[in-house]
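Work through the following exercises with the structure in view, and try each task before reading its solution.

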Amino acid sequence: MSNNAVTTIDSRTHEGNLNKLGFWIFLTAEFALFGTLFATLLILQHGGSYGGMMTTELFELPLVLIMTFLLLASSYTCGIAIYYMRQEKKNLLLIWMAITVLLGIGFVGFEIFEFAHYAHEGANPTIGSYWSSFFILLGTHGLHVSLGIVWITGLLIQVVKRGLNKYNAPKLFISSLYWHFLDVVWVFIFTAVYMIGMVYSG
């Protein structure tokens, strides 16, 4: 591809700037949402009801580590995809972003399996305040990951049909920031929910 083509993709459009502004406003609301959910869970870790089902009895650390690896790996592949987007290498962008989506699907699949495991053992949102906050926090994050998968998939379909241009490239960049944000949230979940949670309930 020519340098002129790359410049066209990287150029700022009025629509692209508005999308970025809207995204940062949206992300501020997301920080507030997850901050509230984290604060609730941390408070309940100290004095909430576990309904007789302690986290040390149920948490499967190897499973959580697999989920963590999948999501962090997806952040890496997403970064590679954006690198190739800036180089206007459409096929490589599509490949690496498709890998990102597949890793995200794997993460969601393991999370559903994890929830099913807890339900089978008798842990559900109704047995205690801690488990209620646990399922709400992780369910909210899982829902956001699922929405991110749908969002990125839709953008990839646009790239396949219309090519990579100055209109869909900023959207792909914004979706990558959103994906990295979800990875950061998961790191906090891994630390606060699984690591600290096992200490307090042990």
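**Exercise 1. Find the residues that form one aromatic cluster, and describe two aromatic pairs in detail.**

Solution. Phe107, Phe115, Tyr118, Tyr130, Trp131, Phe134, Phe135, Trp186 and Tyr194 form one aromatic cluster. The model is a predicted one, in which local features need pLDDT of at least 70 and side-chain atom pairs count only at pLDDT 80 or more, while totals for chains, interfaces and linings use all residues. Residues are numbered from 1 along each chain as its sequence is written, and side-chain values use heavy atoms, with hydrogens and water left out.

Step 1. A search of the whole structure finds 20 aromatic pairs, where rings of Phe, Tyr and Trp (its six-membered ring) pair if their centres lie within 6.5 Å, and planes under 30 degrees apart count as stacked, over 60 as edge-to-face and the rest as tilted.

Step 2. One of these pairs joins phenylalanine 107 and tryptophan 186, with 4.9 Å centre to centre and 85° between the planes, and is edge-to-face. Phenylalanine 107 belongs to helix H5 and tryptophan 186 to helix H7 (residues 168-201), so the pair ties together parts that are 79 residues apart in sequence. Helices are DSSP runs (H or I, at least four residues), numbered from the N terminus. Both phenylalanine 107 and tryptophan 186 are buried, meaning under 20% relative accessible area with a 1.4 Å probe and protein chains only.

Step 3. Tryptophan 131 and phenylalanine 135 form a tilted pair, at 6.2 Å centre to centre and 40° between the planes. Because they are four residues apart in helix H6 (residues 129-162), about one helical turn separates tryptophan 131 from phenylalanine 135. Tryptophan 131 is buried, with a relative accessible area of 0%, and phenylalanine 135 is buried at 13%.

**Exercise 2. Determine how helix H4 and helix H5 are arranged.**

Solution. Step 1. The axes of H4 (residues 61-86) and H5 (residues 90-121) come within 8 Å and cross at roughly 160°; axes are lines fitted to C-alpha atoms over the stretch in contact, and angles run from 0 to 180 degrees between N-to-C directions.

Step 2. H4 and H5 are therefore roughly antiparallel to each other, a term that applies to angles over 145 degrees.

Step 3. The residues of the contact of H4 with H5 divide into 22 nonpolar, four polar and two charged.

**Exercise 3. Describe residues 92-113, using the UniProt record and the model.**

Solution. Step 1. The unreviewed UniProt entry places the feature "transmembrane region" at several spans, including residues 92-113, although such annotations may be inferred rather than shown by experiment.

Step 2. In the model, residues 92-113 are 100% helix and 0% strand, and their end C-alpha atoms lie 32 Å apart.

Conventions: Helix = DSSP H or I, 4+ residues; strand = E, 2+ residues; numbered from the N terminus. Parallel < 35°, antiparallel > 145°, perpendicular 65-115°, else oblique. Nonpolar A, V, L, I, M, F, W, Y, C, P; charged D, E, K, R; others polar. Buried < 20%, exposed > 50% of the residue type's maximum accessible area, 1.4 Å probe, protein only.
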